[in-house]
Amino acid sequence: SSTFCSVIVVGAGISGISAAKLLAENGVDDFVILEASDRIGGRIRKEDFGGVSVELGAGWIQGVGGKESNPVWELAQKSALRTCFSDYSNARYNIYDQSGKIFPSGLAAESYDKAVDSAIQKLRYQEEILSGHSTMSEPPPAPKTPIDLAIDFILHDFEMAEVEPISTYTEFGEQEFLVADERGYEFLLYKMAESFLFTSEGKILDSRLKLNKVVRELQHSRNGVTVKTEDGCVYEANYIILSVSVGVLQSDLISFRPPLPVWKKEAIEKCDVIVYTKIFLKFPYKFWPCGPGTEFFIYAHERRGYFTFWQHMENAYPGSNILVVTLTNEESKRVEAQTDEETLKEAMGVLRDMFGSDIPDASKILVPRWWNNRFQRGSYSNYPIVSTHQDFANIRAPVGPVFFTGEHTSERFNGYVHGGYLSGIDTSKALLEEMRKEKERQMESELES
Ligand code: FAD
């Protein structure tokens, strides 16, 4: 037996929820939301750790204080979400070498400025090569020393805005706020859901939200879609909004019948996926500096990205004695594949290099695994500089009744929570427009006959 409805939304992350909300607000009530996991939120996810709530996925509201207002910041204000101001730029003055010495701030600032220049040059070089009008004969030299490698890592993985303009910061502003709320960043999703789904005592009880429904097969034609889930359920609809990550689209989790057209497959393949891993460590007491300008610190090692970027949680949760270290890409995949005990040993080795051998062992470690999560397959999209408007148009474009949404479909804000939020709205607007046109076509053909 199958269930019929007007629209199926696949995924209950921020884009799926914002898409469904807009449909509901426009009178389209007969939708179902099929979510593979047992919760809403997707890549916005908190977990209790060492007595506080930590964010395994998105942690910051990025892009605040600019000429345009960030809609996610507005949602946070309305929900009285607790946040604290974060200043990444301090990190460059807290760079430790392997013997625990802090690089003098003058030297660090100089290396930083040099790294920004060379990153800009490298970008220009790549653009020139691509356009076929190369004026530079050589790319700038690759960083080699531990300090240069560390700075190169933070520049590319955290502070790209210093190298090239990023819409999030140019349009919404340069400030970033860390979410530090016991209810989690995901409380924003719950507040959105509450406005159009039936809830009671803090729980969503609406039968249109279906959890633990893993979509595995999607049949589509001009007449609509049929979807099969892993547990053997079948759903039919006129339209479908697919909000799964680009990593999931690149995997074989969902098979399309007929297969997606080549232009769509190519757009999906061209988009890179970043893996970004925040590892949380709980200690019996603090042994790291905590005053102003110390929230972030850097470990310089000859291996690029080896436990480089550290943050203490004293601003967010004073007295929590928690440190966070962020790994990306290859290092993320490496630690995902090993046991948490091994990762803990490596992290402690690095901390003992920085703070001496007599620091206490961490009592607890938490290692999220976004890469090996088959409903995620990475942390967020990253478009190579070769990307064109056409690539974005193609990744967004519907295929018959199949509409695509999610952070990766946002040309201006991909990779961010607000990108996911705004893409859901954009996709639903496009779908509502298509539904309106379809109605017109039907009325015309009825008049003719
Ligand atoms: P998702 O949240 O991934 O939602 C898609 C949903 O689809 C998921 O719930 C998934 O379970 C479900 N799904 C997948 N496959 C299926 C299937 N076959 N059937 C049914 N359901 C399926 N952004 C910021 O703005 N600031 C940050 O500080 C920040 N940090 C980040 C740190 C990390 C570690 C990560 C992972 C992300 C971070 N981001 C950050 C990015 C931000 O979290 C995402 O851009 C945003 O949450 C994506 O929302 P979405 O709705 O597009 O996708």
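Two strands count as paired here if DSSP finds at least two bridges between them, and in the hairpin of β13 and β14, which has four residues between the strands, G232 takes a positive phi near 90 degrees. The structure is a predicted model, and the protein is divided into domain 1 (2-44 + 186-270 + 381-448) and domain 2 (62-180 + 276-366).

- The centres of domain 1 and domain 2, taken over C-alpha atoms, are separated by 33 Å, and the contact between the domains involves twelve residues of domain 1 and 15 residues of domain 2.
- On the side of domain 1 that touches domain 2, α6 (187-194) and α12 each supply at least two residues, and the largest share of that side, four residues, comes from α12.
- Sorted by class, the residues of that side of domain 1 are nine nonpolar, one polar and two charged.

**The shell around the ligand**

- The ligand is surrounded by 42 residues, of which the closest are G11, G13, S15, G42 and G420.
- Two or more residues of this shell come from each of the elements α1, β5 (60-64), β17 (276-282) and α12.
- The class make-up of the shell is 20 nonpolar, 17 polar and five charged residues.
- Both domains take part in the shell, since at least three of its residues are drawn from each of domain 1 and domain 2.

**Packing of α1 with α12**

- Two packed helices are described by the angle between their axes and the distance between the axes.
- Helix α1 (residues 14-25) packs with helix α12 (residues 417-448) at an angle of about 35 degrees, and their axes are 7 Å apart; the crossing in which α1 passes α12 is right-handed.
- On the α1 side, the residues that meet α12 are I14, S15, G16, I17, S18, A19, L22 and L23, and their counterparts in α12 are V417, G420, Y421, S423, G424, I425, T427, S428 and K429.
- By class, this contact of α1 with α12 has eight nonpolar, eight polar and one charged residues.
- S15 and G420, which belong to this helix contact, are also among the closest residues to the ligand.

**The sheet of β5, β8 and β6**

- Three strands form this open sheet in the order β5-β8-β6, with antiparallel pairing.
- Because β5 and β6 (83-86) stand at the edges with a single partner strand each, one side of each of them is left without a neighbour in the sheet.
- Neighbouring strands of the sheet are turned against each other by 30 degrees on average, direction ignored.
- Strand β8 (residues 175-179) pairs with β6 in the antiparallel sense over four bridges, in which T83 has V179 of β8 as its bridge partner and F85 has F177 of β8.
- The pairing of β5 with β8 is likewise antiparallel and runs over four bridges, and here the bridge partner of Q62 in β8 is E176.

**Strands that pair with β14**

- Strands of a sheet pair through backbone hydrogen bonds, either parallel or antiparallel.
- Strand β1 (residues 2-10) pairs with strand β14 (residues 234-242) in the parallel sense over eight bridges, and within this pair V7 stands opposite Y239 in β14.
- Strand β13 (residues 224-229) runs antiparallel to β14 and is joined to β14 by four bridges, with T226 standing opposite E236 in β14.
- Strand β23 (residues 402-404) pairs with β14 in the parallel sense over three bridges, and L242 stands opposite F404 in β23.

**Backbone features in loops**

- The peptide bond from R257 to P258 is cis, with omega near -5 degrees, and P258 lies in the loop between β15 (255-257) and α8 (262-270).
- E201 has a phi near 45 degrees, which is a positive value in a residue other than glycine, and the place of E201 is in the loop between β9 (199-200) and β10 (203-204).

Conventions
Residues are numbered from 1 along each chain as its sequence is written. This is a predicted model: local features need pLDDT of at least 70, side-chain atom pairs count only at pLDDT 80 or more; totals for chains, interfaces and linings use all residues. Axes are lines fitted to C-alpha atoms, for helices over the stretch in contact, and angles run from 0 to 180 degrees between N-to-C directions. A crossing is left-handed if the near helix is turned anticlockwise from the far one by less than a right angle, and right-handed if clockwise. Two residues are in contact if their C-beta atoms, placed from the backbone, lie within 7 Å. Ala, Val, Leu, Ile, Met, Phe, Trp, Tyr, Cys and Pro count as nonpolar, Asp, Glu, Lys and Arg as charged, and the others, Gly among them, as polar. A residue is near a molecule or strand if its C-beta atom, placed from the backbone, lies within 6 Å of it. Domain bounds come from an automatic or database domain assignment.
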